[in-house]
Amino acid sequence: MTELLGRPAADWIAEQGLPLHLTSLPRIRENVRAFTRVFRDLYPRGAVRYAVKACAHPVLLAAIRAEGAGADVASPFEARMALQAGLDPRTLDLNGNCKEDELIREALASRMLIVADSAEELALVEATARAMGRRARVLLRLSGFHLGGVTGEAIFTAGPWSKFGIPLAEIPPLLENLGAYPSVRFLGFHTHIGSQITRVEPYLAVLGRMVELGRVLRDRTGACPVLNLGGGFPVNYLEEPAWDELRRRTAARDGFSWNLGLAGLDADGVWQGEAYHSPWPKEQMVEAILRGTVTVDGEALPVLRALESLDTPELLVEPGRAIAEDAGLTLCRVAHVRRAGGAHNLVTVEMGVLSHADAMLEGLPNRWDILEGPDDPEPFETFVAGNLCFSGDLLARFQTRLRRRPRRGDTLLIRDTGAYTAHFMASNANAYPRPPRLLVHGDGDVTVMKRRDRYEDLFA
Ligand SMILES: Cc1ncc(COP(=O)(O)O)c(C=O)c1O
């Protein structure tokens with residue numbers, strides 16, 4: 001009998017019904033610990049700020065606090081949740097490109113670190129702080145980097161066409177004019193390149209630029225005590241051979257990829273969109289960065305030396321996916337096994353893509369399995385679609401390999417569904433209830449992060 005997070009899968013299903021999302025709290029804690037270990041070993045001035053948007057609940061955030069990490073919050077309720085979980089406001093980064101007036105006031109009152117997303121917002125922070133008689137702690141968020149196709153377009157946040165951050169070209173005049181912001185204490189810079197950044201080079205390019213700007217800031221103010229590299233540390237959805245196979249088979253254009261344009265190969269055979277494998281997954285990317293080399297004012301420097309040259313600033317990172325993704329599992333029930341697109345297999349399940357939104361935004365080839373039953377001699381390759389009334393409702397856009405041909409009523413398991421996936425786009429489309437997510441503690445205790453919607457909730 002298959003066990004999931006310490007209990008027979010059949011018990012979860014009997015008790016909770018399907019579809020169902022589960023999150024392992026011990027795995028979340030291990031993931032945070034892995035990041036803090038890298039910093040302890042290589043750069044003790046480093047610190048983790050968990051990106052709450054990846055998966056949010058006060059109990060989960062209390063565990064983040066217990067691991068000695070802070071948090072990146074980006075909305076009024078994310079901030080409230082972090083405070084409710086007992087996180088010290090001075091360990092909270094306030095991100096977001098449209099911060100509400102009340103949120104800015106709250107951040108100033110409790111002394112959160114405000115990541116100013118635009119010159120306009122900086123002026124607003126200055127005015128609000130002045131009116132409150134406060135001095136704002138501020139990082140300037142940078143964008144306008146030319147980094148090439150480092151990840152999927154929808155989750156690349158630091159390029160020239162970004163709604164986030166202050167374009168690099170606007171930073172030098174701003175640094176000339178710091179006297180215009182007497183109520184702001186400029187502590188340094190922030191860049192969040194995007195999510196699922198699988199190569200180290202973009203981080204090194206951005207970090208080099210931040211050190212250069214940090215030196216200018218230090219010349220103006222006497223110090224640049226904080227640099228924040230954002231999140232984006234990748235998850236290995238596929239091991240290297242499977243990733244190679246996915247690209248090879250997509251290139252063959254034989255229907256391996258449903259390919260509605262989210263990812264795939266362009267006419268020149270160059271992979272477009274995000275990569276599903278990295279040599280440096282999760283905290284290993286931070287290690288690769290700290291062991292890397294950056295160019296600062298034309299000079300190649302080991303990262304640790306470059307940071308030293310800036311008086312060893314605090315180095316913040318904001319991992320979300322790398323903390324929550326592989327802690328999550330999703331279970332759903334098979335409806336039909338049929339054909340689509342000619343000769344291709346299509347399994348339909350009683351769950352829509354809005355409860356597995358990565359598949360819609362990014363096309364991730366998550367790992368699928370059938371819970372029970374013996375293997376067939378030949379595996380069964382198939383696309384997977386959901387139960388909603390639009391054609392984009394595809395949960396597996398790359399053919400996925402199941403141990404056997406499923407049957408109606410079988411349970412499918414999707415791994416790596418802890419971050420964003422289940423809740424980011426969750427809605428009552430087609431008047432379906434949003435599924436529950438349970439947080440499973442190491443001792444078997446369960447926190448209901450989200451209960452299944454009831455009929456009345458559709459109108460709440
Ligand atoms: C400012 C900021 N920091 C961190 C993150 C977390 O990114 P990831 O989950 O890829 O680590 C995000 C994600 O959107 C973000 O916007």
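**Exercise 1. Helix α10**

Solution: 
- Step 1. The buried residues of α10 are E283, M285, V286, A288, I289 and L290. The model is a predicted one.
- Step 2. Look for the cover. Over the buried residues of α10 lie, among others, α2 (25-42), α8, α11 (303-308) and β16 (314-317).

**Exercise 2. The domains and the nonpolar core**

Solution: 
- Step 1. Describe the contact. Domain 1 brings 18 residues to it, and domain 2 brings 13 residues.
- Step 2. Turn to the core. The largest nonpolar core has 93 residues. Those touching the most other members are Y50, L61, L140, F189, L207, L227 and L290.
- Step 3. Find the main contributor. Helix α8 (residues 201-221) gives the most to this core, with eight residues.
- Step 4. Zoom in on L61. Leaving aside neighbours within four places in sequence, L61 is in contact with Y50, V52, M81, A82, A85 and L87.
- Step 5. Another core of 16 residues lies apart from the largest one, and its members include V334, M351, A359 and L395.

**Exercise 3. The ligand**

Task: Which residues come nearest to the ligand, and how much of its accessible area does the protein cover?

Solution: 
- Step 1. Start with the surroundings. There are 14 residues around the ligand; S195, G232, E318, R321 and Y420 come nearest.
- Step 2. Check the polar atoms. A polar side-chain atom of S195 is 2.3 Å from an oxygen atom of the ligand. For K53, a polar side-chain atom lies 3.2 Å from an oxygen atom of the ligand. D72 has a side-chain N or O atom 3.2 Å from a nitrogen atom of the ligand.
- Step 3. Read the cover. On its own, the ligand has 390 Å² of accessible area, and the protein covers 91% of that.

**Exercise 4. A residue in a strand**

Task: Is N228 buried or exposed, and what is it in contact with?

Solution: 
- Step 1. Locate the residue. N228 lies in strand β11 (residues 226-228).
- Step 2. Apply the cut-off. Buried means under 20% relative accessible area. N228 has 0%, so N228 is buried.
- Step 3. List the contacts. Beyond neighbours within four places in sequence, N228 is in contact with D93, L139, F189, H190, T191, M210, L316, V317 and E318.

**Exercise 5. Backbone exceptions**

Task: Where are the cis peptide bond and the positive phi values of R111 and N430?

Solution: 
- Step 1. Most residues other than glycine have a negative phi, and most peptide bonds are trans.
- Step 2. Find the cis bond. It joins L18 and P19, with omega about -5°. P19 is in the loop between α1 (9-16) and β3 (20-24).
- Step 3. Take R111. Its phi is positive, about 70°, although R111 is not a glycine. R111 sits in the loop between α5 (101-110) and β7 (113-116). At 39% relative accessibility, R111 is partly exposed.
- Step 4. Take N430. Its phi is positive, about 55°, and N430 is not a glycine. N430 is in the loop between β22 (411-415) and β23 (437-440). At 40% relative accessibility, N430 is partly exposed.

Technical notes:
Residues numbered from 1 in each chain as written. Predicted model: local features only at pLDDT ≥ 70, side-chain atom pairs only at ≥ 80, totals over all residues. Heavy atoms only, no water. Core = buried A, V, L, I, M, F, W, Y, C linked by side-chain atoms within 4.5 Å. Buried < 20%, exposed > 50% of the residue type's maximum accessible area, 1.4 Å probe, protein only. Helix = DSSP H or I, 4+ residues; strand = E, 2+ residues; numbered from the N terminus. Contact = heavy atoms within 4.5 Å. Near = heavy atom within 4 Å. Polar contact = N/O pair within 3.5 Å; in protein donor to acceptor, adjacent residues only side chain to side chain. Areas by Shrake-Rupley, 256 points an atom, 1.4 Å probe, with all protein chains shown as cover.
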